[in-house]
Amino acid sequence: MAQLALWVLVLLPALVGGALALSRAERVAVAVSLGTATVTAALSVLAAIARPSVSVPFMAGADFALGVDALSALVVPAVAVVTLLVLIFSAGEITDARARFHGLMLLFASAVLVTATAETLVALLLAWEVMGATSYALIGFWWREDHRVSAGLTAFVTTRTADLGLYLAAGAALAGGAGLALGDLPDSSAGWRDVVAAGVLVAALGKAAQLPFSFWLSRAMEGPSPVSALLHSAAMVAMGGYLLLRTEPLLASTGWAAPAAAWAGAATALVLGAVAVGQRDLKQLLAASTSAQLGFVVMGAGLASVSGGAAHLVAHASTKALLFLAAGAWLTALGTKSLTGLQGVARRWRLVGWCTTVGALSLAGVAPLALWATKDAVLAAALEESLPLYLVGMAAAALSAAYAGKILVVVWRRVPGGERSGVEAHLDEEERGTRNVGTLEKAPLVVLAAGAAVLGLLALPPVGERLATALGEADVVHATAAEMAVSAVIALLVLGLMWRRPLPEPRWALEWLGVERAVEVTVVRPTLWLAERLARFDDRVLDRAVDATSRATVRVAEIAAGGDDRRVDGAVEWVSRQVRALGAVARRPQTGQLHQYYIQAVAVLAVGVLLLVTVR
Amino acid sequence: MLSLIVFLPLAAALVLVALPRLGDAAARWSWVTVAALDLALVVAAWLRYETPAAGRLAFEEQAEWIPGVNSSYHLGVDGLSLPLIAMTAVIFLACAVYALRETDRPRTQAALFLFLQSVSMGLFVAADLILFFVFFDLSIVGMYFVIAGWGHNDAARSAMKFFLYTFLGSLALLVGFIGLYLAADPHTFDMVELAAQAPLAGSSLAGGLVLAAILVGLAVKTPTVPFHTWLPPAHTDAPAVGSAVLAGVLLKMGTYGFVRIGMPMLPEAWRAWAWVVIAVGIVSVVYGALVALAQTNFKRMVAYTSVNHMGYIALAVGAAGLVAGDTAEARSIAVSGAVTQMVSHGLITGALFLLAGVLQDRAGTYDMDSYGGLAGPAPRLAGLFAVGAFASLGLPGLSGFVAEFQIFTGSIAAAPVTAIALVGILVTAALFLRALQRIFAGETQGRSSGFGDLRPAEMWSVGPLLLLSLIIGVLPRPLLDVIEPAADVVVELVGR
């Protein structure tokens, strides 16, 4: 029964989504989609309680196995619920091509659920890349605008580059002898295990938009806001961090992969935090902050603090989905997402404003909201491991307070009369605003705000304890009261500073460190150049060589034909001429006169006798 | 059973030729009927199929043919050939449905394709080298007339190039076959017998030369770099159904030869030359993908991705020749992936070429930059096209992934250097998404204006191909249950 629930959980959104995306059932799309998402959310809770696992043979040596364990029991319902909320929001927000939109979102949700429950590399990779493909289609949802489709392409190709790591890991796992089950990966033979870990690490960093792959997330902001709310906060990007949490034993078993993950996460949290502070566009700011916050999750995986990382992942999902949806609501209403254009917007839409405030304060790490506690759980593990890592993490935490403060300052700012025209100039710059935020858009915000407020419980003693035990963490390091107090104070201090004076917006931050340009210059253009060259080589050298060979063959044939005419046939002709000449000679004796014939006979006879005599 | 499957289309072709008064519609529909009937027979055979003992074939038929050289009319199938005849039957049926809109000599065209279908089916079930060779060459003849007769642009020249190049390749193949015959004791052309005997074991020079002849012959047909230059012009100038059969079925004759002839009959030479095959595979994968990336003509682009996709097969069968103690499972997975790829590529590329035919039909050009925003006027085309493109770039959930995942895991485990070829799936992803964007995204412009969306015949020919790809991608077991035992046998034979 529970197993059936798990199958339905992953298959229902896939089937309904596929059917919706292909059909053009615009009228029923929303109802069908919300119904499906509701059933899925209910099933996810059921699955989280019953903990079913299922497995079917897929390929030789690699079953398609799904299962719900303590970790996925936490993440699966979170994903399902956020999906439902985002789809409710989209019901109000997306008015064109609804069937395609909801279909793709459901397909995507199914892929995420499979990713979260996958127990073998093949199931994981399958869902992992389907997530990427649906994200391509969703980012490029408004396909009439070329730049949005390009953004989807960038996202897909960049994440697929990292995904190659999983292909490599699968091959290495097979060679390593322990099989393709995720739980067995640490038992691979030593050398191969390193390859598996490296592959998994790269794939996860790519999906989680960690350095150096972060830039694709910036481009991905060209997609509709609900897409960002689901894909780029709660689900796809988060799955990158989730994969590392799931394979934490593998990372730990190699000795180097765990510290590498911890430092990669810390570096991303710090650097992308700084990038976020320097943004002028709300969605870009949120995107950079997503990379940075996922950095804490990745850090948690590297520090064997799976409970802390998972709690942070779930709390961040709720917080960031909220903020992206709020940004989307204002984008639809005002037609802008630039921070200048959004000044004072919380005063105009109070409910949205207060929800945003809860989200931003949680993001800032203000006590007692969600991300304050979850982040500190990870940082406590960092302090245990190494002081520099802890300090980097603390600095990153301070930066989160800075960029969250930046949002708060903007949305609550009372715009002075003199600046009003400057603000209004930004209105409708992206699309035609409706000047309205509907109920369907507001309702999900409230639920998510509640999540952003209380999910910190996951990392605080009674619940956090039980979560850690369920995840099999023997001796968890909990943040001490002092550490938590310090981080809360730092958050408040930084918020206060942000209120006083704005921080600079350097170019490197606005351009996300220029990684995309660098990749363009060092990878994309040389590849295209090489492709052009090879294509020319193919046409001008290889193909012409073939043509030249055939021409040469014809030439040889012509020479042979000439030789045939002159030599061979000439010889034949010569022989025939000689024979004819001989014939002419032979004709001479045939005179028709009898006495001459007698003389010839006598001569022949004489020669015959002579021959007879001499031979004897 | 097999004889019926092979010769039913030929008989129908003869009837069509004998009835010059037959109306066009009747000719078109009788083609569809016969192709459907043949597919039904194949399905029936599949349902009754039981994996034969190692080294044996199912549904065997044998009759005396040329006793002087020990060549007989010998047919049979196993897990390597059954999926291919099924795929062949599907592709030809799809072409028959697509051609329901054909106005140019439909009766002759139907007869020609039915002839080609018999020849293709015959090749995959042949268990005698002479029989194999006859079908191999007749396929070239049939395709020559398809391109020359129904092609466009520079069709005559492309057809000639195709014919001469692949015919030359087949001669190399014949030399190899004769070498096998002479080395066998007693002399025979029987494929089952030759695989059991593995002649030329112990004589590395002769074995190497015979294998070289066979590999060159097969490499031309497959085609792999550097023998591929006949492929782009042939595809570009061939009619849509011709391209679908050429890419879907005819190319597989080359790769099928690797697993059916090269590996089991010359195991020692195969092991010795495995690295060459791997290298050719890697080069084909990367080179094919990069050259495809630079194309502006959609059909040429797909043609080069075929070189890339066939490269994966070469890579896998090469890696399967690197015999080492504990990699038998990995090598078997690689071979199983190679056979899956043959089926998968047939379905997907067949579908893509049929869709390319729609471009040519409506707007008269394959040039991608002549379009833009085509998703507006032709949403159905855009949808199927996107599915086809994602299938071809190996998206999980579609058959290409099942094939490539097996190829890569198996090959990387057996020969880690093959990981270089992973670049191929990245470049194909980029090039297909670029193509999608160029043709379908943006404002509707150029040749896209007034473009008519897919018609029923086009939907019902392309749709089922992609649906099959989806089914294999999600539920690969029924296919792999057939392929895997045969892959195990091949790996065991090559390890002798």
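# Report on a predicted two-chain model

Helix α13 of chain A, residues 282–302, has 21 residues and should span 30 Å at 1.5 Å a residue; its end C-alpha atoms are 30 Å apart, which agrees. This helix is mostly covered, since 21 of the 21 residues of α13(A) are buried. Just after α13(A) comes Ala304(A), which takes a positive phi of about 60 degrees.

The structure described here is a predicted model. The model scores ipTM 0.92 and pTM 0.91. For chain B, the average pLDDT is 93, and 100% of the residues score at least 70.

## Overall form of chain A

Chain A comes to 25 helices and two strands. The radius of gyration of chain A is 38 Å, whereas the globule rule gives 25 Å for 616 residues, so chain A is more spread out than a compact globule. Along the principal axes, the C-alpha trace of chain A spans about 150 × 60 × 50 Å. Of the 616 residues in chain A, 56% are buried. When contacts in chain A between residues at least 6 apart in sequence are considered, 81% of them join residues at least 24 apart.

## The contact between the chains

How many residues of chain A are in contact with chain B? There are 42 such residues in chain A, and they meet 43 residues of chain B. On the side of chain A that touches chain B, at least two residues each are supplied by β1 (53–59), α5 (121–139), α6 (146–176) and α24 (515–587) of chain A. The largest share of that side, 16 residues, comes from α6(A). Sorted by class, the side of chain A that touches chain B has 29 nonpolar, six polar and seven charged residues.

## A helix of chain B

Helix α17 of chain B covers residues 422–440 and has 19 residues. From its first C-alpha to its last, α17(B) reaches 27 Å, close to the 27 Å expected at 1.5 Å a residue. Is α17(B) mostly covered or mostly exposed? It is mostly covered, with 15 of its 19 residues buried. Gly442(B) follows α17(B) and has a positive phi, near 90 degrees.

## Backbone features in loops

| Peptide bond | Geometry |
|---|---|
| Leu211(A) to Pro212(A) | cis, omega near 0 degrees |
| Ala367(A) to Pro368(A) | cis, omega near 0 degrees |

Pro212(A) lies in the loop between α7 (190–207) and α8 (215–220) of chain A. Pro368(A) is placed in the loop between α16 (350–364) and α17 (370–385) of chain A.

Arg51(A) has a positive phi of about 50 degrees, although it is not a glycine. The residue is found in the loop between α2 (26–50) and β1 of chain A, and β1 supplies at least two residues of the side of chain A that touches chain B. Why does Arg51(A) count as partly exposed? Arg51(A) has 14 C-beta neighbours inside 10 Å, and a residue is buried only with 20 or more and exposed with 12 or fewer, so a count in between is partly exposed.

In chain B, Arg105(B) is a residue other than glycine with a positive phi, near 45 degrees. Arg105(B) has its place in the loop between α3 (82–98) and α4 (106–125) of chain B. Because 14 other C-beta atoms lie within 10 Å, Arg105(B) is partly exposed.

Definitions and conventions. Residues are numbered from 1 along each chain as its sequence is written. Chains are lettered from A and ligands numbered from 1 in the order in which they are written. This is a predicted model: local features need pLDDT of at least 70, side-chain atom pairs count only at pLDDT 80 or more; totals for chains, interfaces and linings use all residues. Helices (H or I, at least four residues) and strands (E, at least two) are DSSP runs, numbered from the N terminus. The expected span of a helix is 1.5 Å times one less than its number of residues. Two residues are in contact if their C-beta atoms, placed from the backbone, lie within 7 Å. Ala, Val, Leu, Ile, Met, Phe, Trp, Tyr, Cys and Pro count as nonpolar, Asp, Glu, Lys and Arg as charged, and the others, Gly among them, as polar. The radius of gyration is taken over C-alpha atoms; the globule rule is 2.2 Å times the number of residues to the power 0.38. pLDDT is the predictor's confidence in each residue, from 0 to 100.
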